[in-house]
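Dear colleague,

Please read them alongside the coordinates.

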Amino acid sequence: MLFKTGLIYTTKKLHRKVQDWFHVYQFLKVPELNESMQRNQLHRKVSLYLHSLPSIEDSDFTNLVTGNNQNDIVLTLDPNQTIEDHFLGATLFWFKQKTEPNRSSAFVLKIRKTDKRRILRPYLRHIHAVSDEIENQGKRYLRLFMNVASGGGGSGTRWKSVPFNHPATFETMAMELDLKNKIKSDLELFLKAKQYYRRLGRAWKRSFLLYGPSGTGKSSFVAAIANFLCYDVYDVDLSKVRGDSDLKFLLLETTAKSIIVVEDLDRFLAEESQSASLTASGIQNFMDGILSSCCGEERIMVFTMNSKECIDPNLLRPGRVDVHIHFPVCDFSAFKTLASSYLGVKEHKLFPQVEEIFRQGASLSPAEISELMIANRNSPSRAIKSVIGALQTDGDGRGCGDVIGRQMGDDDVDEGPEGVLCGGEGFTTVKDLRKLYGFFRLRNAKRSRSSNCLVNER
């Protein structure tokens, strides 16, 4: 039986080679990148289509890889291995062309010359319809792309991607409800505005500036937009960009239905004098230049900053940045949203004390408060007490700790021997989280001083 199976396989393979020798077939290549080094959308559609075919299981070699969900096992086509497809009575063959490392790939369609004129166009329309159906059913998973340093002379793509599985949504964001609704409405209008932008003679894109201290949720906001729009994310690392032209080529390789993110733009502009390769003028052209208008359609651009006070207003003018969103430190409304998300608590007897502390001017970033809630998530009361203690001792309103402390009853707070709020396991204040870091920083400082002394003595 095994001999018979092997003989059939060998005979079929020999028959294919004989047909190829007499030029019975024609080969059509679908490259990953087009001539302009942009991603070929047909390549993505063909990939979705081929990996949905049952015949991929009958290929000589297929790769078993983990899908976007850890429990999913996905079959992917191995380079130079062939799978069959049948359409309108014709048999077609696909294989993935083997490429060099760091080079783009290509799918190759092998079709009989006698069938090409009859079925090629209907077959391509069939591929589009099936791939669109897969995407509409939610089977298309989002990707996070990161730019890599150019190797010099390589023609491959500059972007590497991983599955984008960030769970952030607008519902989990600690943000004013009215502002959330305005942003969601703005994004929904953008999705439907292709003809409107075309009529105005403007590129179909939208740009946001997110500014505020670290830990206030700017990165999570980007993830929430991606999940809301079902857009891929391109994270541009300016430190890996060789110059203004290189930044333009990165934009060329992005696809429609994507979010292009440049984080900490203010820090880069402050350090621009140290790097003559990428200039502020290059960034301005990246934001709204002719290339951005021609190749940046159906995209969202997001720029983040800690502060925009020292930034040239010309860089942030309308047209380059459409929407400015400030991300402040946490207030009581944001605290209640965090408590609902992290602790499952919508009301609590300690909320009035927390609200009073915020009124006195104390504040922490949402990231600091959320970390305290995670560390004490098994006890909502203990988590809220730890936030109260952190606001009194570590918040910006440091002078209000004694006043608020007297307003809290002894039954609400348990004090340890040092007078620090405690309630069992877990961190109770942000200071606890910073003590270890301060210890190591002090020790490293002593080591550096001692090493400097040794160098001076020598």
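This is a predicted model: local features need pLDDT of at least 70, side-chain atom pairs count only at pLDDT 80 or more; totals for chains, interfaces and linings use all residues.

The strands concerned are β9, residues 205–211, and β13, which pair in the parallel sense over 4 bridges. Both belong to an open sheet of 7 strands, whose order is β8-β7-β10-β11-β12-β9-β13 and whose pairing is mixed. At the edges of this sheet stand β8 (159–163) and β13 (323–326), and because each has a single partner strand, one side of each is left without a neighbour in the sheet. From one strand to the next, the twist averages 20°. Helix α9, which spans residues 280–288, lies across β9, β11 (258–262) and β12 (299–305), and runs at about 145° to β12.

There is also an open sheet of 4 strands, in which the order is β1-β6-β5-β4 and the pairing is antiparallel. Here the edges are held by β1 (25–31) and β4 (82–87), each with a single partner strand, so that one side of each is left without a neighbour in the sheet. The twist in this sheet averages 25° from one strand to the next. Within it, strand β5 (residues 90–97) and strand β6 (residues 106–112) pair in the antiparallel sense over 5 bridges, and Lys-96 stands opposite Phe-107 in β6. Helix α2, residues 41–50, packs on the sheet and touches β1, β4, β5 and β6, with its direction making about 70° with that of β6. Helix α3, residues 113–136, likewise packs on the sheet and touches β1, β4, β5 and β6, although its direction makes about 135° with that of β6.

Turning to a pair of helices, the axes of α11 (residues 332–343) and α13 (residues 366–375) come within 10 Å and cross at roughly 35°, and the crossing is right-handed. On the α11 side the contact is made by Phe-335, Leu-338, Ala-339, Tyr-342 and Leu-343, and on the α13 side by Pro-366, Ile-369, Ser-370, Met-373 and Ile-374. These contact residues divide into 9 nonpolar and 1 polar, with no charged residue among them.

Which residues of α13 are buried? They are Pro-366, Ile-369, Ser-370, Leu-372 and Met-373. Seen down the axis of α13, the buried residues fall within an arc of 155°, and they therefore line one face of the helix.

Note on methods: Residues are numbered from 1 along each chain as its sequence is written. Side-chain values use heavy atoms; hydrogens and water are left out. Axes are lines fitted to C-alpha atoms, for helices over the stretch in contact, and angles run from 0 to 180 degrees between N-to-C directions. Helices (H or I, at least four residues) and strands (E, at least two) are DSSP runs, numbered from the N terminus. A crossing is left-handed if the near helix is turned anticlockwise from the far one by less than a right angle, and right-handed if clockwise. Contact means heavy atoms within 4.5 Å. Ala, Val, Leu, Ile, Met, Phe, Trp, Tyr, Cys and Pro count as nonpolar, Asp, Glu, Lys and Arg as charged, and the others, Gly among them, as polar. Two strands pair if DSSP finds at least two bridges between them. Buried means under 20% relative accessible area, exposed over 50%, partly exposed in between (1.4 Å probe, protein chains only). The arc is that of the directions from the helix axis to the C-beta atoms.
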